[in-house]
Amino acid sequence: MLQDLYRNLVISHDKYRKNNGMLDGENVQKVHYKNPTCGDVITLYLRIENEIVQDVSFEGEGCSISMASSSMMTELIKNRDVETISTYRDSFEQLIRHGEKPVDNIDLGDALALEGVHKLRARHNCALMAWQALDKILDDGEAYRKRKEVVKSI
Ligand code: ZN
């Protein structure tokens, strides 16, 4: 069953976290973020060069939804450009908050397994925590900011 597959993906990303650990070196940006709803915490590390996420990692503690979502996000954004990432981010938030499936050209990968979180309102912030941490870094970036202005003007 699809639901079992999704549940297993969440469990496995929580247990065997992708891109787990810290990054250091030049051009690494770091942000701490906390989900007050559930007490989940994340430290996200990003190395962005030429508007592309060259490397990403995270350290965190929290419920399985928050940690699985963090792991899935790092896989999704690594080696991608900031503009593409911003469309993923919006699409994922729509999925969680409104239960809206991504349009065809947006492939959320394993993160799709979190779609059931939509029905668990109290857990929305768990699923979104890593992406909100990402906002804190990317909101300073030009491509991301440009997009937000476009969205606002529509
Ligand atoms: Zn949580």
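A helix here is a DSSP run of H or I that is at least four residues long, and helices are numbered from the N terminus. I needed that before looking up L76, which lies in helix α2. I also noted at the start that this is a predicted model.

**Entry 1: L76**

Next I looked up what L76 touches, leaving aside neighbours within four places in sequence. The contacts are Y88, D107, L108, G109, A111 and W131. I checked G109 separately: L76 and G109 are 33 residues apart in sequence, and their C-alpha atoms are 7.0 Å apart in space.

**Entry 2: the whole protein**

I then stepped back to the overall layout. The secondary structure comes to five helices and three strands. Read from the N terminus, the elements run α-β-β-β-α-α-α-α. The radius of gyration is 15 Å, close to the 15 Å that the globule rule gives for 154 residues, so the protein is as compact as a globular protein of that length. Along the principal axes, the C-alpha atoms fill a box of roughly 40 × 40 × 25 Å.

I looked up two more totals. Of the 154 residues, 43% are buried. I also took the contacts between residues at least 6 apart in sequence, and 59% of these join residues at least 24 apart.

**Entry 3: α1 and α2**

At what angle do the axes of α1 and α2 cross? Helix α1 covers residues 2-15 and helix α2 covers residues 64-77. Their axes come within 8 Å and cross at roughly 80°. Angles of 65 to 115 degrees count as roughly perpendicular, so α1 is roughly perpendicular to α2.

I listed the residues that meet. From α1 they are L9, V10, H13 and D14. From α2 they are S64, M67, A68, S71, M72 and E75. Sorted by class, this contact has five nonpolar, three polar and two charged residues.

N19 is found in the loop between α1 and β1, the latter being residues 28-35. N19 has a relative accessible area of 22%, which makes it partly exposed.

N79 has its place in the loop between α2 and α3, where α3 is residues 82-98. With a relative accessible area of 55%, N79 is exposed. The cut-off for exposed is over 50%.

**Entry 4: Q132**

Which helix holds Q132? Q132 has its place in helix α4, residues 124-138. I looked up its accessibility and found a relative accessible area of 18%, so Q132 is buried. Not counting residues up to four places away in sequence, Q132 touches Y33, R89, R97 and N125.

**Entry 5: cysteines**

How many disulfides are there? A disulfide is a pair of cysteine sulfur atoms within 2.5 Å. By this rule I count zero disulfides. I also looked up how accessible two cysteines are. C38 has a relative accessible area of 36% and is partly exposed. C126 is at 0% relative accessibility and counts as buried.

Technical notes:
Residues are numbered from 1 along each chain as its sequence is written. This is a predicted model: local features need pLDDT of at least 70, side-chain atom pairs count only at pLDDT 80 or more; totals for chains, interfaces and linings use all residues. Side-chain values use heavy atoms; hydrogens and water are left out. Axes are lines fitted to C-alpha atoms, for helices over the stretch in contact, and angles run from 0 to 180 degrees between N-to-C directions. Helices (H or I, at least four residues) and strands (E, at least two) are DSSP runs, numbered from the N terminus. Angles under 35 degrees count as roughly parallel, over 145 as roughly antiparallel, 65 to 115 as roughly perpendicular and the rest as oblique. Contact means heavy atoms within 4.5 Å. Ala, Val, Leu, Ile, Met, Phe, Trp, Tyr, Cys and Pro count as nonpolar, Asp, Glu, Lys and Arg as charged, and the others, Gly among them, as polar. Buried means under 20% relative accessible area, exposed over 50%, partly exposed in between (1.4 Å probe, protein chains only). The radius of gyration is taken over C-alpha atoms; the globule rule is 2.2 Å times the number of residues to the power 0.38.
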